[in-house]
Amino acid sequence: MIICEIGMNHMGDEAYADQYLEALEVAHPEGLTFQVREKEYYASKKPEESTLLSDDYYRSTAERTCKAGIKFGVGLCDVEKAVFFESIGTDFYKILSKDIGNRALVTAVLATGKPVYVSTGMSSEEELASFLA
């Protein structure tokens, strides 16, 4: 499966994120992901530095990708947003390597029953062993 990660490259600009979506609709990967960080991450940024997109944007994007035959995924860091992303029809989730030890997040995402991809990135062998236990 080829998944294209938009991540936060849109820099919080919905028009810019739409440009990525338009290009991906042409390229037609099997899936795409956005990253949604924890609230503290966004709170630590100045308003002009925020990379947060609105819930309405994610909702319309999930619908748009579905119509285009592209699976919609999210690299989720905020356990409180799991219910929202389930409500909009998210097809799969990604756990970022920084959250491999975040049991609450991992449990919430696994509870959706959707496919979950795990980025191991900079994880140590101990972190991986704990995650798999």
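This is a predicted model: local features need pLDDT of at least 70, side-chain atom pairs count only at pLDDT 80 or more; totals for chains, interfaces and linings use all residues.
**Entry 1: β1 and β2**

I started with the pair β1 and β2, which run parallel and are joined by four bridges. Strands here are DSSP runs of E with at least two residues, helices are runs of H or I with at least four, and both are numbered from the N terminus. Two strands pair if DSSP finds at least two bridges between them. I looked up two partners: G7 has F34 of β2 as its bridge partner, and E5 stands opposite T33 in β2.

Residues are numbered from 1 along each chain as its sequence is written, and side-chain values use heavy atoms, with hydrogens and water left out.

**Entry 2: the whole sheet**

Next I followed the strand order. I found an open sheet of five strands, β1-β2-β3-β4-β5, with parallel pairing. β1 (3-7) and β5 (116-118) stand at the edges with a single partner strand each, so one side of each has no neighbour in the sheet. On average, neighbouring strands of this sheet are turned by 25 degrees against each other, direction ignored.

I then checked how covered β2 is. Six of its six residues are buried, where buried means under 20% relative accessible area, exposed means over 50%, and partly exposed lies in between (1.4 Å probe, protein chains only). G31, T33 and Q35 point one way from β2, L32, F34 and V36 point the other way, and all are buried.

**Entry 3: helix α3**

I tested the length of α3 (residues 55-67) myself. The expected span is 1.5 Å times one less than the number of residues. For the 13 residues of α3 this should give 18 Å, and the end C-alpha atoms are 19 Å apart, which agrees.

Which residues of α3 are buried? I listed Y57, Y58, T61, A62 and T65. They cover an arc of only 135 degrees around the axis, which puts them on the same side of α3; the arc is that of the directions from the helix axis to the C-beta atoms.

The face turned away from the buried side of α3 carries the exposed residues D56, C66 and K67. What covers the buried residues of α3 includes α1 (14-27), β2 (31-36), β3 (71-76) and α4 (82-87). After α3 comes G69, with a positive phi near 75 degrees.

**Entry 4: α1 beside α3**

I compared the axes of α1 and α3, which come within 12 Å and cross at roughly 10 degrees. Such axes are lines fitted to C-alpha atoms, for helices over the stretch in contact, with angles from 0 to 180 degrees between N-to-C directions. α1 and α3 are therefore roughly parallel to each other; angles under 35 degrees count as roughly parallel, over 145 as roughly antiparallel, 65 to 115 as roughly perpendicular and the rest as oblique.

I also looked at E25, which sits in helix α1. At 30% relative accessibility, E25 counts as partly exposed. Leaving out residues up to four places away in sequence, E25 touches R64, A68 and I70, where contact means heavy atoms within 4.5 Å. E25 and A68 are 43 residues apart in sequence, yet their C-alpha atoms are 6.7 Å apart in space.

**Entry 5: two loops**

I found M11 in the loop between β1 and α1, with a positive phi near 55 degrees although M11 is not a glycine. At 55% relative accessibility, M11 counts as exposed.

H28 is in the loop between α1 and β2. Its phi is also positive, about 55 degrees, and H28 is not a glycine either. With a relative accessible area of 40%, H28 is partly exposed.
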